[in-house]
Amino acid sequence: MTIKPDELRSRYSSSEARATGLARNGLLDESIDVLPAGKLNPTEKRIINLFLDDFDAKMAPLEPLSLKLDQLKSIIDSKFLNKTIAFGLRGGVTFLTQPDLAEIDADALSSGEQHELALMSRLLFSVPPGTTVLIDEPELSL
């Protein structure tokens, strides 16, 4: 099988973008900086192609979780005033205040913010897609 350098570099760029998204969500701790600059010899192309096959296979199960974390970030960042959510590598969740980027823990949020975070997290991660959810008095402590 002939591996074309342009296709390999394109595939590498795609995998690198996926790795960046996983790292942003605390699911990967480092980049995949393995592609040397310049012309690749046939052995390097085969090794990098094999690496990308392995990397893509191992990262595929993390992508649905990463998409849910992206959704949670989008929801929370749009609703919480002057705060953004950040995910740590060991599963931790912190918040960064805007504009100074001071770090605060989730337990330092207001009770309404904590309830909203818990509700959104539960809906995104525990409720199967297509489920109808009824919430009685949603404004209570939100």
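I took two strands as paired if DSSP finds at least two bridges between them. Strands (E, at least two residues) and helices (H or I, at least four) are DSSP runs, numbered from the N terminus.

**Entry: the model.** I noted that this is a predicted model, in which local features need pLDDT of at least 70, side-chain atom pairs count only at pLDDT 80 or more, and totals for chains, interfaces and linings use all residues. Residues are numbered from 1 along each chain as its sequence is written, and side-chain values use heavy atoms, with hydrogens and water left out. For pLDDT, the predictor's confidence in each residue from 0 to 100, I read a protein mean of 88, with 96% of residues at 70 or more.

**Entry: the strands.** I looked up E1 (residues 83-87) and E2 (residues 93-97), which run antiparallel and are joined by five bridges. Phe87 stands opposite Val93 in E2. Five residues separate E1 and E2 in their hairpin, and Gly91 in the turn has a positive phi of about 90°. I then followed E2 to E3, also antiparallel, with three bridges. Phe95 has Ile104 in E3 as its bridge partner.

**Entry: the pocket.** I took a pocket as an open set of points on a 1 Å grid over the protein atoms alone, where a 1.4 Å probe fits, with protein on both sides within 12 Å along at least five of seven lines; lining residues have an atom within 4 Å of a point. Residues lining the largest pocket include Lys68, Ile75, Leu123 and Pro129. H3 and helix H4 (111-126) each give two or more residues to this lining.
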